Each structure stands twice: as structure tokens, then as C-alpha cells.
There are 4 protein chains.
Amino acid sequence: MKRKVMVLTGGGDCPGLNAVIRAIVKRASQEDNWEVLGCIDSFNGVLKTPLELVTLDLNSVSGILVKGGTILGTTNKGGPFHYPIKNSDGSWSSIDRSEEMIKTIKDLGIEAVINIGGDGSQRISKALYDRGLNIIGVPKTIDNDLSATDFTFGFQTAVQTVTEDIDKLVTTASSHNRVFIMEVMGRDAGWIALHSAIAGGADVCIIPEMPYNIEKIKDKIEKRYINGRGFCIIVVAEGAYSQSKGKIYQESKEIGYYNEKLGGIGNILMNELIDAGVKHDIRLTVLGHVQRGGTPIAYDRILASEFGVKAFEMVLEKKFGQMVVYRHPEINSVSFDKAIKEPHLVEANSRLVKTAMGLGIEFGN
Amino acid sequence: MKRKVMVLTGGGDCPGLNAVIRAIVKRASQEDNWEVLGCIDSFNGVLKTPLELVTLDLNSVSGILVKGGTILGTTNKGGPFHYPIKNSDGSWSSIDRSEEMIKTIKDLGIEAVINIGGDGSQRISKALYDRGLNIIGVPKTIDNDLSATDFTFGFQTAVQTVTEDIDKLVTTASSHNRVFIMEVMGRDAGWIALHSAIAGGADVCIIPEMPYNIEKIKDKIEKRYINGRGFCIIVVAEGAYSQSKGKIYQESKEIGYYNEKLGGIGNILMNELIDAGVKHDIRLTVLGHVQRGGTPIAYDRILASEFGVKAFEMVLEKKFGQMVVYRHPEINSVSFDKAIKEPHLVEANSRLVKTAMGLGIEFGN
Amino acid sequence: MKRKVMVLTGGGDCPGLNAVIRAIVKRASQEDNWEVLGCIDSFNGVLKTPLELVTLDLNSVSGILVKGGTILGTTNKGGPFHYPIKNSDGSWSSIDRSEEMIKTIKDLGIEAVINIGGDGSQRISKALYDRGLNIIGVPKTIDNDLSATDFTFGFQTAVQTVTEDIDKLVTTASSHNRVFIMEVMGRDAGWIALHSAIAGGADVCIIPEMPYNIEKIKDKIEKRYINGRGFCIIVVAEGAYSQSKGKIYQESKEIGYYNEKLGGIGNILMNELIDAGVKHDIRLTVLGHVQRGGTPIAYDRILASEFGVKAFEMVLEKKFGQMVVYRHPEINSVSFDKAIKEPHLVEANSRLVKTAMGLGIEFGN
Amino acid sequence: MKRKVMVLTGGGDCPGLNAVIRAIVKRASQEDNWEVLGCIDSFNGVLKTPLELVTLDLNSVSGILVKGGTILGTTNKGGPFHYPIKNSDGSWSSIDRSEEMIKTIKDLGIEAVINIGGDGSQRISKALYDRGLNIIGVPKTIDNDLSATDFTFGFQTAVQTVTEDIDKLVTTASSHNRVFIMEVMGRDAGWIALHSAIAGGADVCIIPEMPYNIEKIKDKIEKRYINGRGFCIIVVAEGAYSQSKGKIYQESKEIGYYNEKLGGIGNILMNELIDAGVKHDIRLTVLGHVQRGGTPIAYDRILASEFGVKAFEMVLEKKFGQMVVYRHPEINSVSFDKAIKEPHLVEANSRLVKTAMGLGIEFGN
């Protein structure tokens, strides 16, 4: 019988997930007698009846390197510790099925689990490891906000997508003397906004870590116009908020991603600028999940491939309870405790913010 | 002294404007003794004091083929027939400065004017031609809604931009079992939505010409899911509206492009779907002016170059009062009367709509 | 039992083949009781034992719209009229298996065949139709050289690929004052070269239809330099040749695509320019099959989808012995006789060549 | 009078040069009383009569962030230490004009020079610094082969360009069961080949640091085919060579980039594979300078901007005789001595080579 490793992907997707899966399978195929199983929709594949598990061989991963998304599916709902059950009165509650799930995995003869996921997923990894599961983590966050790793795959692709769209706005902005607001991802961390503002040559960058003063943004806009001619590109992270109003971002399952009444920070900011007296035409772009999709750029494919190869080698070395990390110039690993500590946020006095300021970018704070 | 032709761009910009300008200059440079003048910000360049005119030689147009926007600037404000003036009480009114402007142009020794612009711009062209100006039109509309020409430059670039972003949404939609709404340009004509829905493999296409019934869209969404798995891509033109509510699109100069309270058709549709009982996650992308920007694709560069060469040759032939058109397989011209007649809208029984239906795309009407 | 239609792809591939297949399957799924079978590697799938046929349902075509290549495979070797057999002495000859193949297809209960392929494939279609097979053609040629249809899918994608790479060359060419030669596809027809030369703003365009005089090209290069500064972009189709030397293109199965000793027209041209005394740095790019690959652009996806929907509707109408064509603004069909007549070549006095000359492009003839 | 800093770009260009220039100008504009001068064509601008110097203000650098190439021009010819002079007999020799040039620069009141260039350029920087010029270096190499800095701008863009073209080859390769050879840049260092082989999912990667054995490559190709079906993507760096034949790369000014008789490593390899008995179709792509061109990807724009800001800040700090480097996570500087030591080559037992092997990539050595 073959030795078995199970792979799954959890949380919001980002470009490069398939490249990790492919690398695990490619590397495993070089060892005698190993079989890779894919668990569908995060851990739900081993919580459902019948089980949803697929065998992943070289054929299964052919052609997936270039594909966004994840061939294994993913979900934010359910999971071993809070599995939803319907009560007799029709209401819902959740139960802890972790012990049962660990038993299922062991009964299947699975020696190790590789969990590719973000902060939330790795907290689950840690809890399962503490209960005796042989588990290894691979970090995944489009926001690049994990302090344990220098970079995560998918982030550079998102930045590239935003940058290309800023490039498109610049040409039309300058022809029409307009102000453009580009709302990008980033609820808590402004990394996508910061990187794409520098790369796109934006004039204003607004991030959650540096609450804004609308007057300062207005002033910057006015400085960009001479005799009525000029334009201004503003990049704003979805989780940004003004100093006066405080944090307004909220996600409601019922109404979708954006706050119904406020219409997202892009809309809010546009209206605040109009109220503050900005007379130039203002137009809004909300990229949304376009940032999470598409084929990963080369940088992310390489990083994801390195993570995948490393993860399987950690299985061989029985290095459980650890998450793969990139600590330049090494691909290494850290314990789950270290993996899930404080998020990595933009600091106002950091190198990249100073570079941005050196380029004349206004943070509005 | 050199013979002079003046070129200007009017209305909203679209990829390929610079390619037209470049082609005019390149072609003019092959004739002895011609000089091309660029008028800044549509006709405003010859209405301002001092005049804003630039000489366009081969050097001026070097490298502009690949650039979006227009090196001459453009505006929707002012113009010869409704030039704004400030009254003594601070209020604004407008006056007709067309006669004065025509005189200025003739006094400058300009023999012909090439006006690159949309429907509104060509109405001005016609009125100026009727008043004695030697003027030639080049059509421009991102929406491809002119009935006099098979295609206009910029349209295919916009469709390509939307399609690439739908491609990105598809990968993430299928991983997460989500519904995605992609709001695209098109206030009256649904061509961008229709083309990009087919090219992107969307499931639903909602256009102004075919008002929607929310229940039909909901039904289509549900059909796309089996056992809770599935996804749905909806492309909606900004000017679309439901059969029950009627047309809601409005542009207000004060509040910017989107209706403040309603937040655009994308938001409206999302909320209607939630109200109608759709339980799947719905996410929204609003591309906005990204669709008008960027480098033109090859198709549009070629079409724009053909328009430019033709326009200058019409100057040589003194073929005034005409607009360049593409009537496959010829580049030809029509009188302004024909150029500005009824817009070209999507018809429910047209070939392309039938193709879309043959592919299973739901129009929701 | 279901009614059956068989689909296959033949000859060199080009972007959009999968979009045609998908459209056939999508459209067929709307009719009761139809099944689409895919024949692997052109007709070889019904010539081999065991047969290589796959059932194509909505699931099979999910996600293929964006994919280059063909999920059915293709080949230039074999085919029903010249199927290779190994003689007893080890040498190879070929036999006509067309009657047998037609019988196999009919025995399988297949009512109609859709053959997606180029000139050679449609000649086979015609011969099979003449022998009683219910067959319909869909045109495919990266070179756009069929006179029966205005455009074929894949062509615009190839032109876009070349144009984007010319854009990249222009920036480096101008920084270094270099001459760049870009060798593109086109053995007999120069359409890719002509379109991409206009779209990329090239200075010289060399095509098989207009044999070149090396001195004229040298003269054009020199005119592009002033005081040693300048650059020159030359696009040359692989089948081009000089007036003095005559046609040199040849494909040899043994040695691969390029002539071993001469190294391709790009190399030949470079050496001729050096021999003619051009002192500027000359660099060469040979894109090769990159032009045939990649995801189709929106234009080609739409055209391919229209072809696929139309082809299946012709099956329903029993319109056999015909090939789908695009005659703007209609998708129509013509008999195989008309489909395979004279190729559509660039004519020296055609509209597009005149446009190119109007832009200052030198053809060197 | 304003304080003056002079900027120049030397050697082969790569995407991001303009982003460095822009960052220097943007940062300088924040200091009172500084003027940035651009020296045209490397140092030649201050060696010619009249001088070729341009003032670079915010207007000069508007829009250049997205542009490949360098607005200042560059050259590999001439330079202060080997300036060409024509002898009375018509032959050429060269003289050392470094002292004179340093004097010219000082007489112009230029306080500091920023030299953006590769290994050769920084050797010149060091020699000029040793002779008393206040000079700062910014590293530039498309090959990423400087040991003093983790990454250089332009490299990731080149890798991305190659990877996108490999993606295109993969689709057509698999449809046709072909072998594709992709020849990429890298005379001494195989970094572009290694990165793009991993990112593109290539099967074989051949680099100068690991001379190849043709039989091993043939074996790998054969393993990729089962029953005649399969394909193989080979990435080869231009400076690669076989173990048996030794180094063959040579650049000859007279004949252009590729060796006339051998036709480049791509051609050589193709012929060796045919000679070795590979029967599958083999096709070749030679990207050439396409890899050096185009708009820089976001990653490179950010890195280049950081280098530019840092370089000007080093001018303020009078930190001369140093080159800017990126030592993750810092932007720092090292002395010219350290900057120009041993090149950074691929090592056979390095992390990335092991990752590549873990993915099944054959190096053929």
C-alpha cells in the first residue's frame, strides 16, 4: 500500500494555489510509494459523507501551473471546529468535529496533512496539531500580511493587476483632467495599495494603518492642477477610514461584500471629496475579486513552487507543527505559534513608505 | 507658407485617438508643404486667448501609437456653440461663438479641420460645416454605437480589457462557488457587455436594450448550481434597468458618475438579487474608466491608422462635410447627415444575440 | 439512442479551436437528444484500433474557452486518403482508407461530421463529402489566407502577440539606436506581417507577395538615422524572399522548421544587410510558434463561437458539403468548391498596403 | 545658482531605467535648490562638443515610469577611458579622456554623478571615483548576476516576458506533440533561464553554469512521450554549451549577435537533437531583445524607484564611491570594490536548482 499525504486549500483564494499543489505532487512523484490525496473544499472533504477526496497524480496537475483559483476548491464556511448543524427547530448551531475528523484521517492511513491557507487556516492547523494531527502549513494571503514570511505567493500578482489598471487610468485621466479613485483589497493591511501606488505612479495612497484627513487629500489634488489642467490618481485600500469617522469597513454575509448604505470606501471617499469642495470630475474603479484571480505572474509561480517542494520535503522529514516560510534567501519553516502571531502591517516610518514619500506620494494622514 | 490642416479630439477618450493623429501627421508629411496643427482640448484651443495650438510634426507623434488618451486633450465642456461666460452676478450662461471661431480658423490660414469625436462632436461638425467651415469627421465611440460605420477604434480594446478581467473572475468564482457581477460601460448601447459576455463565457448578460426581469436572472443563477456547487458570471451594462423599475441611470456633474443613493446598476442588481432570495455570495467589480484607457490593441491601432490616412486624403480631395467610416471591406465616407442619424443599438433578434443565446447566455428579459 | 455529431480539428493549431468546440457542444446541449463526439488527432481517432473518440458534454468544455491549442489534438500526418503503412521490408507507403473510415463513422450512428481545419483539411472534407459523408467545414488558418471568409479566428491573436513584442523592441531599439528584425509567420501570405507592421509602427514590412530589393531596405534604414541616432524595426514574413535570389523557404521534416544552412529569412536578411554595408547593430527575434499559442483575444473567441454555433445549426439543417464563413455582417456558408479555391494573398495595390505606405512603411520591392 | 547632480545610463538597457531616473528627479524636487542634469548616451554627453546635457524636471519625467528603454540613451561604445579617435591614416585608436571629463563635470558645477549601469559601467565608476569624481552607482543587469545585490530591476520583467511566451508554447506544443526550444538571454549566468523554466513549467533547463550532455536531454524528451503522444519544453540560455564541444558563444560586431555559421545555441541544440535521433518535430523560438524591452512589471518599478530615491539621498549624504544595493529587507550601499567583484552565477547545489529538480526539471548535465 502507498504512503499517503493529504493536501487542502482554505480561505480566500489567490493566484499560485495550484502551483503549490502541483509542486507537492511533482516532488512526491520522485519518491517511491507516495500518493497525494486532495481534500475538497478545505477540510469539508473529510467531514462529509461520502468523503470528497481525489487522488492527485502527475496527470491531475498537468496544466494547472498557469491557472488561478484552486482545483481543490476552498471555503470559509464550516471546518472541523465549527461544523454547522441544523437544529430540530430549523435554526443552526455548530459542533466540534475535530476529534472525529482526525480519526477519519488516520483511519484512511494518511500520514501527513498539508494545509495551504491564511491566518485563520493556520490557527486551525495549530489546534489540530495540538490534538495530534501530523500537519504542515503553507502560508497564503493575498494581502502579504504574515510577519513570519517575507512574501506570500499571489501578492505580486495582485499588485501587478492593480498596477496595469492604474496604467490604463493614467492615460485617460490626463486627457480629461480627472481625479480617479482606485479601490483595492486590504481590510487591515495596506500592502497592495502601497505597492501598487508606487508602481502605478499614483499621487495619493490611503491605507488602513494611516487614517486619512480629507483636507490633506483635497490639498494634494489641488496641487496637481495648474490653471485647471492636471489629474490625480488615488489608490485606497478597502479597509481605510478617515480620522474623523473611524473604521467603517464591515462585511455582512447577507448583503455581500460592501456596506449597503455606504457603498464601499471608494464611494465614501468620492462623496467626501465632493463635500470638501473638489470641483474636478471624480471617477471610481472598484476592482474587487479581479485582484484574486488570473494566472499568477512568474514571481508567484516560483515562490509557490518552492513552498510546495519544501512542504513535501518536510513531510519526508516529519517536520510537523510547522509552516513553510520564505526568509530571504532561504525557504524555511517556523512553528505554528510563530506563524500566527501579530499580522505584518505597514508602518509609517518604514522603508517603503519613505520611498513613497520620496516620490511625492501623499498618505493624507 | 505652408498649407495648414487643424486636428482636434472631442468627447470622452478611447484607445486609438493618438493613432489617428499620428496617421494624419505621417500621411501629411508625404505631401509637399503641408503643416498639421493640433488644437488643444477640442475646439477650446481656438476659443481661448491666447490660442492653444501646437505644430504636429513627425517628432511630435513619435511613440504615441501605443499610448491611450489623446496628446491633444479633450473636453465635454464648452465648445463653439455653448461657450460658458460668467455673468456679472456670478452665475453662468453660454454664448454662441461659432462665427467668431470660424473666422479665427480662416484667419490663421487653416484650410481644413479634422474633428475626431463622437456623436455630439459630429453634430457640432455638421453645424460648423453648414456655417462654411471646411471640416471632416473621424468617428470615435467606445460604445461602437454609430450606425454609419461597422466598427470604431477603441471598442475592441475595451472589450478585450473587460474579457481579461472576466477571465480573472472565473478562476476565483469557480473556487469559491460565487456569483460575480461585472459592471461595464454602455449607457444606451449594450455592445461592450454583449461582446465581452460572449468572449468571457459569462452566464448572464444584461443590456439597456433588453430590460431585465430579476426573477429570470435568479432562475439562471440557481440552474448554475448543483448541490450548492457552481458559480455565475453576470455582465451588466451601466445603463441597464429592470422592467419593473424603468431607467434609473443618471449622471450628475455634482456627484460624479454614479448615482449617490443607488450606487450604480451593479450595486442595485446585487441588492435586488439578495432581496429575491439568492443565497450565494455575490461580489461586484466596477471597472469604470479602465475600459477607456490603456494601449489600443492591434485591431484598433490599424483601424485608427486607416481612419487617419483616409481623413488626410479627404483633405487633399476637399471632401468636406463628410465623416470617415469603415464599411467592410472599404474605408469610405458619408455625409454628416448620415453620420449622426439613429444610434446603432443591439437588437434582440440580431445575429450576435442569437449566438449568445446559442451559447446559453441568459439576457434576463 | 442519442443522435450523434462528430467534431475534429486538423492541421496546425491556432487560438480559438477550443472556443469552436465549446460552442458546438453548448449549442447541441440545447437540442433534445444530441450527443457530440470528439475524434482525437484529426481523423486518426476513427482510423486507429481501438477508436479514439471522446464524448463531449458541458463538463468537457468547461474552462476551455480561454485555452489555446485544441483539446482534441491535431496532426498533419496520416489522414483517410494517405494513411501510412509499414511495408514488410521496413519502408513506408500509404493507402486510401477513406471508404472504410466513412463506413466506420456511419456504423457508429454518426449523422454528421464537423471538420475544423485549414485549406488541406477542407480538401479532405470535400473528397469525403463527394464519397457520401455528411460533413461540414469550419475554416481555420492563422494566416487569414482563405478568400471565402473575411476573417478566421486566431489571426487577430497572432497579430496581437507580434504587436506586443514589437512594442517591446521599440523601447530598446530607440535607446540603443539599433535595427531590429522580427521574423513572423506567413509562408505564402503576408497578412500577419502587414497587420503587425502597421499596428506596431514598424518601418519596413517584407512579405512573400512583394519580393524585396535589399538596397531599398538599406536606404530606408539609413533614412531613419540622423547623425548616427535612430532605429529601425523590420517585420519580415518567414516566406519572404529577395528579387535576386528567389524563393528559399523550405520545410524539411528531418531538420525541423528552418532551413539548416540558411537559418531562416531573419538570419538571411540580417546577413544581407551587413553585406550591403549597414553598420548599425542588427538584432533578430524569431517568435515561431509563440504566434500560434496562448489564449485567444476577445475578437477571436467571439468569431470562433459564432462559427461553432453556426456549424451545429447547419447540422440541424442538414446543410452538408458546406464550410462556415464570415462575410460581414453575416455568418454564412459556401460550398467546399468555393471554400478551397485560390488563397487570399496581399495585393500591392490593396487598401491596407496603401494605408501602410501612407504611414511611411517601406515594402522594399 | 542651483546645486547640480548629473545622471546617466550605461550599457545594455533593461526595463526600469526610466523609473530610476524619475525617482531621482522626484526626490530631488523635494529639496530646495537642486537641479538634475541628464547626460546623453552614457558619458558621451560630456565628451562631445557641444555637450549633450538635458535638464530633468518633474515635467521631463512625467509618464516615463511605464516606459521601457531609457530617455537618456545609452551606449556600449566610447566612454572616458577609451574614447575613439580617428588616426590620420583612417584607422581608429582610443585615448583616455577621463581627466578632461572630470574637469568638465566639475567646471559645470556638478557636485555629484549617478551612474546607472552594469558591471562594466561600475568599473568605470570606480576608476573615476579613484581619480576624484563624486560618483554613486546604481546597479543594472538584466541577468541579475551581481553578487552585491539580491535583485536588480528589469530581471523579473524579463522572466515574466519569457514565462508568458512559454505559456503560449505549451498550448500549441501539447496539441501537436512537439518539442519546443526557447532560447533566452544569459551569456554567463543562467538566472533568466532557471527562473522562467520553473515559472513556465519547462521540462529541460540548460544554462552556462551546467554544460549539457545531449544524450541526457534526449532521454528526458523520450520520457515525456508515451505512445508517441507528449511534448517537451526546453529553455536554453544563449551562453550554454555542451560538455563535449565547450563554449561557443561569441559576439562579433561585424555579423551581429548570433554566430553566423552556427546560428545561435537554439539552432545548435536543435541540430544536435536531430543528430542524436530525436524524431519528434522540434521548433525554435528566439526572443532576443524582446526580453530587454517593454514596460517594467510592478516589482521592477518599485525596486527601481527605491534605488533612485536612495541614490539621491546618498548624494545629500555625500556617500560617494558606493553603489546602491538591495539586501533584503534593506536598500543599502556597498563600496565599488565590493560591487564589482565576482559575478553571481547559478550554483548546481543551490536552493533554486534543487527546487527545479524537485519539480522534475532536467538540467542535462
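Start with helix α2 of chain B (residues 98-107): its buried residues (20 or more other C-beta atoms within 10 Å of their own, C-beta atoms being placed from the backbone) are Ser98(B), Met101(B) and Ile105(B). Seen down the axis of α2(B), these fall within an arc of 60° and so line one face of the helix; the arc is that of the directions from the helix axis to the C-beta atoms. An α-helix has 3.6 residues a turn, so residues three or four places apart point the same way.

This is a predicted model, where local features need pLDDT of at least 70, side-chain atom pairs count only at pLDDT 80 or more, and totals for chains, interfaces and linings use all residues. Residues are numbered from 1 along each chain as its sequence is written, while chains are lettered from A and ligands numbered from 1 in the order in which they are written.

| Face of α2(B) | Residues |
|---|---|
| Buried | Ser98(B), Met101(B), Ile105(B) |
| Turned away, exposed | Glu99(B), Lys103(B), Asp107(B) |

The buried residues pack against β1 (3-9), β6 (110-117) and α3 (119-130) of chain B, with contact meaning C-beta atoms within 7 Å. After α2(B) comes Gly109(B), with a positive phi near 80°.

Now for chains B and C. The axes of α8(B) (residues 298-316) and α5(C) (residues 191-200) come within 8 Å and cross at roughly 80°, so these helices are roughly perpendicular (65 to 115 degrees). Ala298(B), Arg301(B), Ile302(B) and Ser305(B) meet His195(C), Ser196(C), Ile198(C) and Ala199(C).

Notes. Buried ≥ 20, exposed ≤ 12 C-beta atoms within 10 Å, placed from the backbone. Helix = DSSP H or I, 4+ residues; strand = E, 2+ residues; numbered from the N terminus. Contact = placed C-beta atoms within 7 Å. Axes fitted to C-alpha atoms, helices over the stretch in contact; angles between N-to-C directions. Parallel < 35°, antiparallel > 145°, perpendicular 65-115°, else oblique.
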